[in-house]
Amino acid sequence: PAIDGQPAAPLHVGVMGGAGAGKSTVANLISGAQAAESNPQAGFTRHPIAYTSVAGPLAWSGHAGFLGPLQRLTDPTPASLDEDVYQVRRVPADPTTYDLLKDFVVWDCPDMTTWAAAGYIPRLLEAAGLADVVVFVASDERYNDEVPTRFLKLILEAGKPVVIVLTKMREADAAPLIAHFQQEVVTRLPPGVVGCYAIPFLRPDQLADPARQAARYRIPILNQVAVLGNPAAARRRSVYGADRFLCRDCPIC
């Protein structure tokens, strides 16, 4: 978008991770509404879905080449549609809570680990390339699987700032899991992980109303994303990071 002369805002937050990690739950938490289709089926989300404010502009999504070969759907469609498409869903703002979507677009992305994920990878890469900030989600029982960790390393090598969210643990296990993850995983990654947060198992009322009922987990993540969200600086960081990443191994550069 910056190269094509579009405004720096809104910025794009990509929610990414392995199958069954809880990406859609985290996308809901960040968006502040039960917008994403959380589903126990691993790999349910098979194309990128953008969440934006109901009052926000949509000019950014119609730009030529916005997501490469992915075509924008015009009608609401289940997240399980397995095609080279993306869709945009508008989320009503809640005046009683912080509305991240007035400045950001949140993308709920397909995974990279299910048996059919080979067909999703190009869609995931398009969203990853677009993202100004990545929220990487990993569950308690699979927080260091090889494929998601390799993808996380790739994201960091591309210069993307990453906020890591670990999910699906007991409250009492949250702090030790974060400490172990930072020691065993983060220290072996390229620089760029700007924060690690835990979201324990959420109750049904917290899943239904994340903005109010799960605020204690939501607000630290929002604060971290907002810190990274100076529009001009963030978009410049995205463009220069992509440029360095693409030229690093190019024999003619």
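## Strand 7 and its neighbours

Strand 7 and strand 8 pair in the parallel sense, with six bridges between them. Within this pairing, Val-165 stands opposite Tyr-197 of strand 8. To get from strand 7 to strand 8 the chain passes through helix 4, and this β-α-β crossover is right-handed. The structure discussed here is a predicted model.

Strand 7 also pairs with strand 6, again in the parallel sense and over six bridges. Here the bridge partner of Val-134 is Val-162 in strand 7. Six of the six residues of strand 7 are buried. Val-162, Ile-164 and Leu-166 lie on one side of the strand, Val-163, Val-165 and Thr-167 on the other, and both faces are covered.

## Strand 1

Strand 1 spans residues 11–17, and seven of its seven residues are buried. Leu-11, Val-13, Val-15 and Gly-17 point one way, while His-12, Gly-14 and Met-16 point the other way.

Two parallel pairings involve strand 1. With strand 5 there are five bridges, and Val-13 has Val-106 of strand 5 as its bridge partner. With strand 6 there are also five bridges, and Val-15 has Val-135 of strand 6 as its bridge partner.

## Nonpolar cores

The largest nonpolar core holds 37 residues, and the members that touch the most others are Met-16, Trp-107, Val-162, Ile-164 and Leu-166. Elements that each supply at least two residues of this core include strand 4 (85–91), strand 5 (104–108), helix 2 (121–130), strand 6 (133–139) and helix 3 (146–157). Strand 7 (162–167), helix 4 (174–184) and strand 8 (193–199) are likewise among them. A second, separate core has 33 residues, including Leu-100, Val-135, Val-165 and Ala-214.

Which residues does Met-16 touch, leaving aside those up to four places away in sequence? Among them are Lys-23, Cys-109, Leu-124, Ala-127, Ala-128 and Ala-131. The list also includes Val-134, Val-135, Phe-136, Val-137, Phe-151 and Ile-155.

## Helix 1

Helix 1 covers residues 23–31 and is largely enclosed by the rest of the structure, because eight of its nine residues are buried. The buried residues are Lys-23, Ser-24, Val-26, Ala-27, Asn-28, Leu-29, Ile-30 and Ser-31. Gly-32 follows the helix and has a positive phi, near 85°.

## Aromatic pairs

A pair of aromatic rings is described by the distance of the centres and the angle of the planes. The count of aromatic pairs in the model is three. For Phe-66 and Tyr-86 the ring centres are 6.1 Å apart and the planes stand at 45°, so this pair is tilted. Phe-66 sits in the loop between strand 2 (49–53) and strand 3 (71–72), and Tyr-86 sits in strand 4, so the pair links distant parts of the chain, 20 residues apart. Both residues, Phe-66 and Tyr-86, are buried.

Phe-66 forms a tilted pair with Trp-107 as well, at 6.3 Å centre to centre and 35° between the planes. Trp-107 belongs to strand 5 and Phe-66 to the loop between strand 2 and strand 3, so the pair ties together parts 41 residues apart in sequence. Phe-66 counts as buried because its relative accessibility is 10%, under the 20% limit. Trp-107 is buried too, with a relative accessible area of 1%. Through ring pairs, Phe-66, Tyr-86 and Trp-107 are linked into a cluster.

Note on methods. Residues are numbered from 1 along each chain as its sequence is written. This is a predicted model: local features need pLDDT of at least 70, side-chain atom pairs count only at pLDDT 80 or more; totals for chains, interfaces and linings use all residues. Side-chain values use heavy atoms; hydrogens and water are left out. A nonpolar core is a set of buried Ala, Val, Leu, Ile, Met, Phe, Trp, Tyr and Cys residues joined through side-chain atoms within 4.5 Å. Buried means under 20% relative accessible area, exposed over 50%, partly exposed in between (1.4 Å probe, protein chains only). Helices (H or I, at least four residues) and strands (E, at least two) are DSSP runs, numbered from the N terminus. Contact means heavy atoms within 4.5 Å. Two strands pair if DSSP finds at least two bridges between them. Rings of Phe, Tyr and Trp (its six-membered ring) pair if their centres lie within 6.5 Å; planes under 30 degrees apart count as stacked, over 60 as edge-to-face and the rest as tilted. A crossover is right-handed if, with the strands pointing away from the viewer, the path from the first strand over the helix to the second runs clockwise.
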